[in-house]
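Subject: Structure handover

Hello,

I am passing on the structure we spoke about. Please look it over before reading the notes below it.

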Amino acid sequence: MPEDTHHSLKVEMIEKCRLLEKMGYFIGTWGNVSVRVPEGFIVTPSRIAYSVIDPSDFVTVSLEGTVVAGHRLPSSETEIHRVVLARKGNTGAIIHSHSPYATAVACLHQNVPVFVEDMAQIIGGEVHCTRYVPAGQHRKIAEEVGKTIGEENAVLLANHGVLCCGRNLEEALVANQILEKAALMMMAAGGRGKVIPIPEEFVTSERNRFLYKYGTAKDAS
Ligand SMILES: [Zn+2]
């Protein structure tokens, strides 16, 4: 029964899309998610409201960009997901949203520096903004995103939105929430000139603490 492949994953994707819509990070179908699977990745389809989407509507695409399962058209922004999943082997899931404060920073073509500890832990570095590419040029946007994102778990798409990564969908969602909160704080503090970034060495140590020690006895100090 190929329709039932990764059924529970698709159910989780639907739940997250509906939640993101409720949070105001997705408006209508403007926003999409992907999750890595052995065949490549599962991505949300194009032009179907998340209120009526069904697990059978999802599309599976190979890391080379070929549709391998599903009868619908994949999201028009699939190429952005593909490039990041191909490039970042430790990324298991991606959320592309238009969350308002982070998008506001993307409209200033500014980066979000690491100035609060949850950004160091979850995002793992300064979030950079791409050069501006018109919304319809999906391949060009994907290329810019691929060039701009590094080890950190997020990137801003100039005058467009954000892309957040995680080892799983839950972590990608938290990354989007942390980035949105940091962007809100940055705007509240009056822009990048007023916030003081956390020194680089601590960004790395906080990230490593979260990855390898968080919630274990080693994290006691
Ligand atoms: Zn978009």
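Predicted model: local features only at pLDDT ≥ 70, side-chain atom pairs only at ≥ 80, totals over all residues.

Residues are numbered from 1 along each chain as its sequence is written.

Helix α1

Helices (H or I, at least four residues) and strands (E, at least two) are DSSP runs, numbered from the N terminus. Helix α1 takes in residues 7-22, which makes 16 residues. From first C-alpha to last it reaches 23 Å, close to the 22 Å expected at 1.5 Å a residue (the expected span is 1.5 Å times one less than the number of residues).

Lys10, Met13, Lys16, Cys17 and Leu20 of α1 are buried. The buried residues of α1 fall within an arc of 120° seen down its axis, so they line one face of the helix (the arc is that of the directions from the helix axis to the C-beta atoms). Ser8, Val11, Glu15 and Lys22 are exposed, on the face turned away from the buried side. For these terms, a residue is buried if 20 or more other C-beta atoms lie within 10 Å of its own, exposed if 12 or fewer, and partly exposed in between, with C-beta atoms placed from the backbone.

The buried residues of α1 pack against β1 (32-37), β2 (40-43), β5 (93-97) and α6 (169-188). Contact here requires C-beta atoms, placed from the backbone, within 7 Å. After α1 comes Gly24, with a positive phi near 85°.

Strands

In β1, 5 of the 6 residues are buried. β1 pairs with β5 in the antiparallel sense over 4 bridges, and Ser34 stands opposite Ile94 in β5. β1 also pairs with β2, again antiparallel over 4 bridges; a hairpin of 2 residues joins them. Pairing requires at least two DSSP bridges between the strands.

Core

The largest nonpolar core has 53 residues, with Ala154, Leu163 and Leu179 having the most contacts inside it. α6 gives the most to this core, 9 residues. Such a core is a set of buried Ala, Val, Leu, Ile, Met, Phe, Trp, Tyr and Cys residues joined through C-beta atoms within 7 Å.

Loop

Gln110 lies between α3 (100-107) and α4 (117-123). Gln110 is partly exposed because 19 other C-beta atoms lie within 10 Å.

Regards

Methods
Contact = placed C-beta atoms within 7 Å.
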